[in-house]
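User: Please walk me through this model. I want to know what each label rests on.

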Amino acid sequence: MRVATNVPTPRLKQKRRAKLPRLDPLGEPGRQHRGDIMSPATRSRVMARIRGKHTQPERIVGELLTSLGLEPELHVSELPGQPDFVLRDQRIAIFVDGDFWHGWRFSKWRLKLSERWEQKIEANRRRDRRNHARLRRQGWKVLRIWEHQTADEHERLATRLQLLLRPHRKKAR
């Protein structure tokens with residue numbers, strides 16, 4: 001009787017170790033950036049195509065505001081930060097911010113960037129906070145809408161806008 005020798009033997013599954021962030025000599029998580037996967041020319045072409053105005057998330061918010069019967073002004077340069085939408089009568093400034101450029105949950109992924117990009121996005125975040133504070137001091141309500149919120153949270157976004165647009169009632173005494 002012959003025994004088959006090419007029958008695979010069952011392998012025991014090995015537990016995968018969780019990837020821990022690399023630590024630098026001071027015990028801080030180290031940079032995880034591994035360099036760009038694109039050539040400088042390709043990266044330049046890609047970055048040149050990124051728009052700052054009239055983006056898809058802005059169009060979605062614009063359509064939502066229009067469906068609520070509002071006619072916002074666009075990119076008002078005289079206000080700090082040049083809000084994407086302005087409702088002067090209600091003194092509301094609305095910013096539609098890209099998740100990457102404005103640092104949505106930045107602390108979770110900042111080490112994956114080169115130092116140059118980390119500094120750039122951190123500077124954007126500081127500027128956003130400064131502009132938000134200036135607008136509030138001038139008596140404006142400020143609403144920040146993140147890019148990912150425009151993708152699949154239309155009803156929730158509409159509710160946020162309606163709540164913001166409701167006239168404030170004075171408390172009865």
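User: Where is Arg91 found, and what makes it partly exposed?

Analyst: Arg91 is found in the loop between strand 2 and strand 3. Strands (E, at least two residues) and helices (H or I, at least four) are DSSP runs, numbered from the N terminus. The relative accessible area of Arg91 is 35%. Buried means under 20%, exposed over 50%, and partly exposed in between (1.4 Å probe, protein chains only). Arg91 falls in between, so it is called partly exposed.

This is a predicted model, in which local features need pLDDT of at least 70 and side-chain atom pairs count only at 80 or more, while totals for chains, interfaces and linings use all residues. Residues are numbered from 1 along each chain as its sequence is written, and side-chain values use heavy atoms, leaving out hydrogens and water.

User: Which residues does Arg91 contact, leaving aside its neighbours within four places in sequence?

Analyst: Gln138, Gly139, Trp140 and Lys141. Contact means heavy atoms within 4.5 Å. Arg91 and Trp140 are 49 residues apart in sequence, yet their C-alpha atoms are 5.0 Å apart in space.

User: How do you know that strand 2 and strand 3 pair?

Analyst: Two strands pair if DSSP finds at least two bridges between them. Strand 2 and strand 3 have three, in the antiparallel sense. Leu87 has Ile92 of strand 3 as its bridge partner. The two strands form a hairpin with four residues between them, and Arg91 in that turn has a positive phi of about 55°.

User: What joins strand 3 to strand 4?

Analyst: Six bridges, and the two strands run parallel. Ile92 is bridged to Lys141 in strand 4. Asp97 stands opposite Trp146 in strand 4.

User: What makes strand 1 and strand 4 edge strands?

Analyst: The open sheet has four strands in the order 1-2-3-4, with mixed pairing. Strand 1 (73-74) and strand 4 each have a single partner strand, so one side of each lacks a neighbour in the sheet.

User: Why is strand 3 called mostly covered?

Analyst: Six of its six residues are buried. Ile92, Ile94 and Val96 lie on one side, and Ala93, Phe95 and Asp97 on the other. Helix 4 (residues 115-137) lies across strand 3 and strand 4, at about 150° to strand 4. That angle is taken between N-to-C directions, from 0 to 180 degrees, with axes fitted to C-alpha atoms, for helices over the stretch in contact.

User: What makes the largest nonpolar core a core?

Analyst: A nonpolar core is a set of buried Ala, Val, Leu, Ile, Met, Phe, Trp, Tyr and Cys residues joined through side-chain atoms within 4.5 Å. The largest has 15 residues; Val61, Phe85, Ile94 and Ile145 are among those with the most contacts inside it. Helix 2 (56-67), strand 2 (85-87), strand 3 (92-97), strand 4 (141-146) and helix 6 (154-165) each supply at least two residues. Helix 6 gives the largest share, four residues. A second, separate core has eight residues, including Leu79 and Trp140.

User: Where is confidence lowest and where is it highest?

Analyst: pLDDT is the predictor's confidence in each residue, from 0 to 100. By mean, helix 1 (residues 40-48) is lowest at 66, and strand 2 is highest at 95. The chain mean is 76, and 62% of residues reach 70 or more. Over residues 169-173 pLDDT stays under 50, with zero contacts beyond four places in sequence. Where pLDDT is low, the predicted coordinates should not be read in detail.
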